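Hi,

Here is the structure I promised to pass on.

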Amino acid sequence: ELTALGGARGQQGASQTDARSLTRMDAYTTLGESLQGGMMHGIPTGYAYFDVRQQLGWLPGELIGIVARPYVGKSWLLVWHGAIAWQAGYRVLMLSPEMVVEEAEARFDAVLCGLRGVPVSVTDLYRGFQPTAAQRALAGEIAKRQDWITLDTAGGRPFKLQQIPRLIATHHPDLVLVDGLPLVGGEASRGQALWEQIKELSYGLKDVAVGAHLPIIVTHQATRGAHDTKKPPGLHEIAFGDAFGQACDRVLVLSRTQDDDQRRMTIQKFRKGRPVQGGIELVFDPEHGKIHEVKDDPLPRGAKGTRRDRAAGEARARTEELLSIP
């Protein structure tokens, strides 16, 4: 059934793997030289573990899942990831099956204000107010670009999986955000179970990411069994079966902490690296647009590494302050 998604690239990619061996050696050398200059591969994530320690941002072909129970902050985190990428010069397409455009854009405004240090209250943005001079100045700067497209389902029809490659071809994004996996419609057969639909959507989105050669970040629910929102949900606690976790290249789970203005981001799966079971602490005050990592920890607690890695991380933690979000 996924053959219908082939429109994302028109034809399957093919490479003469053995004949290109020397070409790849040259490419590896070029990539290594760029890393020595302090650069990273891919789109900035906002996490020191990916951007600094691994030097691997969101990469083409990746499906990244954000999992949490309701009202923990998945949608806010999704917008924040998009804003980080937008600030770095990338083009973002956000599919918002749950929020109308006005709400999604108010969150974009709040997060950009938070990233730029401009005071804001998202409640004011929802109900209307007189913007400050600093807010208008920032809006004028943002308006010079046309690199963030938000689509909702105000027409009454849900997004279909088969539509997404066409939307990508139309808007040419570098990063796609999908707010709510179960709210995307598939081509479900009569009597098809919900877990089968989620499996189709999960692997379908992964196929779209590979075909379009770009990363897709999508939010999804944890099961009711993960009722303790201060405990990070495990991979076995993703709603509607294991397929979503299996299809994703990275699975990030969000949980609460003792502090209402903080969250813990736990990396349950990272196909190109190691999980971070201990989690990454985040300042999380979306009401004022403030979302960022608490500290720069190149090797967050819970991540495994060599003794030399841990010593380097501890030395860096003693000499550096808060992570500067790109």
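Let me start with a helix pair: H7 passes H8 in a right-handed crossing. This is a predicted model, by the way. H7 covers residues 164-171 and H8 covers residues 194-212; their axes lie 10 Å apart, at an angle of about 30 degrees. Angles under 35 degrees count as roughly parallel, so H7 and H8 are roughly parallel to each other. On the H7 side, the contact involves Ile 164, Pro 165 and Ile 168, which meet Leu 205, Val 208 and Ala 212 of H8. By class, that contact has 6 nonpolar residues, with no polar and no charged ones.

The other pair to look at is H3 (residues 74-87) with H4 (residues 101-116), whose axes come within 9 Å and cross at roughly 60 degrees. That angle makes H3 oblique to H4. The crossing of H3 past H4 is right-handed. H3 brings residues including Trp 76, Trp 80 and Trp 86 to the contact, and among those they meet in H4 are Phe 108, Leu 112 and Leu 115. Here the residues divide into 11 nonpolar, 2 polar and 2 charged.

As for the chain overall, I get 10 helices and 9 strands. Of its 326 residues, 46% are buried. Among contacts with a separation of 6 or more, 66% are between residues 24 or more positions apart.

Cheers

Definitions and conventions. Residues are numbered from 1 along each chain as its sequence is written. This is a predicted model: local features need pLDDT of at least 70, side-chain atom pairs count only at pLDDT 80 or more; totals for chains, interfaces and linings use all residues. Side-chain values use heavy atoms; hydrogens and water are left out. Helices (H or I, at least four residues) and strands (E, at least two) are DSSP runs, numbered from the N terminus. Buried means under 20% relative accessible area, exposed over 50%, partly exposed in between (1.4 Å probe, protein chains only). Contact means heavy atoms within 4.5 Å. Axes are lines fitted to C-alpha atoms, for helices over the stretch in contact, and angles run from 0 to 180 degrees between N-to-C directions. Angles under 35 degrees count as roughly parallel, over 145 as roughly antiparallel, 65 to 115 as roughly perpendicular and the rest as oblique. A crossing is left-handed if the near helix is turned anticlockwise from the far one by less than a right angle, and right-handed if clockwise. Ala, Val, Leu, Ile, Met, Phe, Trp, Tyr, Cys and Pro count as nonpolar, Asp, Glu, Lys and Arg as charged, and the others, Gly among them, as polar.
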